[in-house]
Amino acid sequence: MKQKIHSVLKCLKCGREYNDHRLFCDDCKDALLRTEYAVKEFRTGKEKNIFRFKTWLPASEGHDTRIGPCVFPSEGFGRALGLKKLHIAFSGYWPERGALNITGTFKDHEAAPTMEYFREKGIHDIVLSSVGNTARAFGYACSKLNMNCCIIVPDKMLERLWLPCKPSASVKVIVLQDSCDYAAAIKLGEKIRAQFNVMTEGGARNVARRDGMGTTVLEFARLTADMPEHYVQAIGSGTGGIAAYEAAIRLRQDGRFGERLPCLHLVQNSPFTLIHEAWQSHSETLPKPASNSEEMQKVQTMYADVLANTTPPYALVGGVRDSLKATHGQTYAVTREDAVKAKSEFERKEGVSINEPSACACAGLKQAVAAKKIRPDQIVLLHITGGGYDRIHHDFKIHRLKPDRIIEGNPDFSSLRSYEQLFN
Ligand SMILES: *Cc1c(COP(=O)(O)O)cnc(C)c1O
Ligand SMILES: [Zn+2]
């Protein structure tokens, strides 16, 4: 019997379809690929985790996990803002609510389906560069699935690498010493990928990441049989915005969820606001990045430094700009003061701790309401992308990841005969 095709990847520029895992169309480097699922109808499975949405995840199977989206109506924060239909997607850890993202952020929604997808495609090694949240999420997923992952992290960020479980020996850490920033970590990751032919997780180009991130919108649809009118999220790359838009397109195709797409409200943390600047000035491309040292300085003054991203997928076909256009979206810049204030308001009203990016999202929502971009009776989904770290530390034994190799400057790997030798 012919095997049923679960999904294909389709280039958003030329329309060509692919059956293999890839990050690029052969012909169009300036376009994203998007998953086209065989099943057009919104179906949910019996799983109590993210794989309940597996008909719309590129991994056709699932694995045993408690990770998954969690959506509920707001209690106090909506009232305080005068919003009658505010829903919260809580993508951190809050067991009483059923939020069980064990590494504390929605990066768990990216890592679990990505590693499942890679496993199904026979890919067993990945390399990734991270300042923390992505590393924890992939470190956890790879520990659970016993898959190989090489995490590259600037030394200043090493303290953020902890797992709520014993790390598997298959998870390796390379630390970049001295003033090495995230950009340097990305460069080293690229070098290792190219030299040893190891897969990267792929960032915004990885469809498993995007479709995993989009499950908060699917969870909203599952619970309310509707789509939100507004989707609010703090962004660095903006991939979560693209993902929410893509999930909404699939729901619209189903036919039972109406024709309108949720309007994206994407929030950046000053002074790192490339997407906001480009969108507000109606520019087709991002502003020229400042020098490396200026960028570094900006990052150091940021409240939510995980939102710093110098190369967001803005101008790509199907990228952030196209997603904002298609949804009549808005962007915001919030300051540290805005975020700190919004954080304490949210925490007091909802009774849970949230992380810095989520605080930015709350501050952005306040701006949107004040500017009447969102009206009191409209349906809003506020994505709290991470929180509940205090509970994770209370409920689990925390294991710190230790460096397997410490690297200075621009390393030369030409003497290494195999990838494995990197860690010996
Ligand atoms: C990565 C991250 C973001 C930014 O997500 P993008 O959609 O990729 O810009 C926001 N919040 C948290 C907690 C994150 O870890
Ligand atoms: Zn193409």
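Buried, in these legends, means under 20% relative accessible area, exposed means over 50%, and partly exposed is anything in between (1.4 Å probe, protein chains only). What you're looking at is a predicted model, where local features need pLDDT of at least 70, side-chain atom pairs count only at pLDDT 80 or more, and totals for chains, interfaces and linings use all residues. Residues are numbered from 1 along each chain as its sequence is written, chains are lettered from A and ligands numbered from 1 in the order in which they are written, and side-chain values use heavy atoms, with hydrogens and water left out.

View 1. Ligand 1 has 17 residues around it, and Lys 107, Gly 236, Ser 237, Gly 240 and Thr 385 come nearest; a residue counts here if one of its heavy atoms lies within 4 Å. Sort this shell by class and you get 6 nonpolar, 10 polar and 1 charged residues. In that sorting, Ala, Val, Leu, Ile, Met, Phe, Trp, Tyr, Cys and Pro are nonpolar, Asp, Glu, Lys and Arg are charged, and the others, Gly among them, are polar. Strand β13 (230-234) and helix α7 (239-254) each supply at least two residues of the shell. Helices (H or I, at least four residues) and strands (E, at least two) are DSSP runs, numbered from the N terminus.

**View 2. Polar contacts of ligand 1.** Zoom in on the oxygen atoms of ligand 1. One of its oxygen atoms sits 2.7 Å from an N or O atom in the side chain of Ser 237. Asn 133 also takes part, with a polar side-chain atom 2.8 Å from an oxygen atom of the ligand. Thr 239 uses its backbone instead, where a polar atom is 3.4 Å from a ligand oxygen. The protein covers 94% of the 390 Å² of accessible area that ligand 1 has on its own. Each polar contact is a pair of N or O atoms within 3.5 Å, and the areas come from the Shrake-Rupley method with a 1.4 Å probe.

**View 3. The zinc ion held by cysteines.** Which residues coordinate the zinc ion (ligand 2)? They are Cys 11, Cys 14, Cys 25 and Cys 28, each through its SG atom, at 2.3 to 2.4 Å. Along the chain these donors (N, O or S atoms within 2.8 Å of the metal, or 3.2 Å for Na, K and Ca) follow the spacing C-x2-C-x10-C-x2-C. Angles among the 4 donor atoms run from 107 to 112 degrees, which makes the site tetrahedral; for four donors, that label needs all angles between 85 and 135 degrees. Cys 11 belongs to strand β1 (residues 7-11) and Cys 25 to the loop between β2 (17-18) and β3 (33-37), so the pair ties together parts that are 14 residues apart in sequence. Cys 11 is buried, at 2% relative accessibility, and so is Cys 25, at 0%.

View 4. Is helix α6 (residues 215-224) largely enclosed or largely open? Of its 10 residues, 7 are buried, so the rest of the structure largely encloses it. Among these buried residues are Thr 215, Val 217, Leu 218 and Phe 220. Just after the helix comes Ala 225, in the loop between α6 and β13. Ala 225 isn't a glycine, yet its phi is positive, at about 55 degrees. Most residues other than glycine have a negative phi, and most peptide bonds are trans. Ala 225 is exposed, with a relative accessible area of 56%.

View 5. Asn 146 lies in the loop between α3 and β9 (148-154). Its phi is positive too, near 55 degrees, and Asn 146 is exposed at 56% relative accessibility. Now turn to Pro 271, in the loop between β14 (263-269) and α8 (274-280).

View 6. Ala 89 is part of strand β5 (residues 85-90) and is buried, at 0% relative accessibility. Leu 382 is 293 residues away along the chain, yet its C-alpha atom is 6.1 Å from that of Ala 89. Val 131, in the loop between β8 (125-129) and α3 (133-145), is buried as well, at 13%.

Key: A polar contact is a pair of N or O atoms within 3.5 Å; within protein, one must be able to donate a hydrogen and the other to accept it, and residues adjacent in sequence count only if both atoms are side-chain atoms. Four donors count as tetrahedral if all angles lie between 85 and 135 degrees; four count as square planar and six as octahedral if opposite donors are over 155 degrees apart and all others between 65 and 115; anything else is irregular.
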